[in-house]
Amino acid sequence: MDSIRRLPDGELEVMQAVWACAVPASRADIASRLDPAHPMAVTTLLTLLTRLADKGFLSVEKQGRRSLYTPLVSREDYLAAQSRSFVQKLCGGSMSAFASALCGGGLTREELDELRTLLERDAL
């Protein structure tokens, strides 16, 4: 997938639940990982899973009457694509503008030091 499109909030919430499950995951597995503070009807969850499969984020394997879902896009790949898109769209592709936004956005000294250490160790 060359360009990973941004998911609407509801689909992203479901995708995060899928990423948190063992692979492949059943609808019940996914439902159990969703935020209990924001319950989702079974029909809504099934609709969102179908949309994610149609968009190429999930594969669906039928086993009898149930479906098993496997992510085709990793959490890391999605995050990397959305980060690139964010820097491009909001910072004009400028890493210095992005870094300024991070520093001015309330990151603590400890968080900035951790980021610096990760960059220096090439751990990102």
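# A walk through the helices and the sheet

Let's start at the end of a helix: H4 is followed by Gly 92, which has a positive phi, near 60°. Helices like this one (H or I, at least four residues) and strands (E, at least two) are DSSP runs, numbered from the N terminus. Before going on, note that this is a predicted model, where local features need pLDDT of at least 70 and side-chain atom pairs count only at pLDDT 80 or more, while totals for chains, interfaces and linings use all residues. Residues are numbered from 1 along each chain as its sequence is written, and side-chain values use heavy atoms, with hydrogens and water left out.

Back to H4 itself. H4 has 17 residues and reaches 23 Å from its first C-alpha to its last, close to the 24 Å expected at 1.5 Å a residue. That expected span is 1.5 Å times one less than the number of residues in the helix. Which residues of H4 are buried? They are Tyr 78, Ala 81, Gln 82, Val 87 and Cys 91. Here, buried means under 20% relative accessible area, exposed means over 50%, and partly exposed is in between (1.4 Å probe, protein chains only). H1 and H5 are included in what covers the buried residues of H4.

Now look at how H4 meets H5. H4 and helix H5 (residues 95-104) pack at an angle of about 95°, with their axes 9 Å apart. Axes are lines fitted to C-alpha atoms, for helices over the stretch in contact, and angles run from 0 to 180 degrees between N-to-C directions. The two helices H4 and H5 are therefore roughly perpendicular to each other. For angles, under 35 degrees counts as roughly parallel, over 145 as roughly antiparallel, 65 to 115 as roughly perpendicular and the rest as oblique. Phe 86, Val 87 and Cys 91 of H4 make the contact with Met 95, Ala 97 and Phe 98 of H5. Contact, by the way, means heavy atoms within 4.5 Å. By class, the residues of this contact are six nonpolar, no polar and no charged. In this sorting, Ala, Val, Leu, Ile, Met, Phe, Trp, Tyr, Cys and Pro count as nonpolar, Asp, Glu, Lys and Arg as charged, and the others, Gly among them, as polar.

Next comes H1. Helix H1 (residues 9-20) has twelve residues and reaches 17 Å from its first C-alpha to its last, close to the 16 Å expected at 1.5 Å a residue. Its buried residues are Glu 11, Val 14, Met 15, Ala 17, Val 18 and Trp 19. Here's a handy rule for reading such a list: an α-helix has 3.6 residues a turn, so residues three or four places apart point the same way. The buried residues of H1 pack against H2, H3, strand E2 (58-63), strand E3 (66-71) and helix H4 (75-91).

How do H1 and H3 cross? Their axes come within 10 Å and cross at roughly 85°, so H1 and H3 are roughly perpendicular to each other. On the H1 side, the contact is made by Gly 10, Glu 11, Val 14, Met 15 and Val 18, and on the H3 side by Leu 45, Leu 48, Leu 49, Arg 51 and Leu 52. This contact of H1 with H3 has seven nonpolar, one polar and two charged residues.

Follow the chain past H1 and you reach a loop. Pro 24 lies in this loop between H1 and E1, and a cis peptide bond, with omega about -10°, joins Val 23 and Pro 24.

Two strands pair if DSSP finds at least two bridges between them.

Zoom in on Ser 26, found in strand E1. Its bridge partner in E3 is Leu 68, and Glu 61 has Leu 68 as its bridge partner in E3 too. Ser 26 is buried, with a relative accessible area of 9%.

Finally, visit Leu 34, in the loop between helix H2 (27-33) and helix H3 (42-54). Leu 34 counts as buried, at 9% relative accessibility. Leaving aside neighbours within four places in sequence, Leu 34 is in contact with Glu 13, Val 14, Ala 17, Met 40 and Leu 45.
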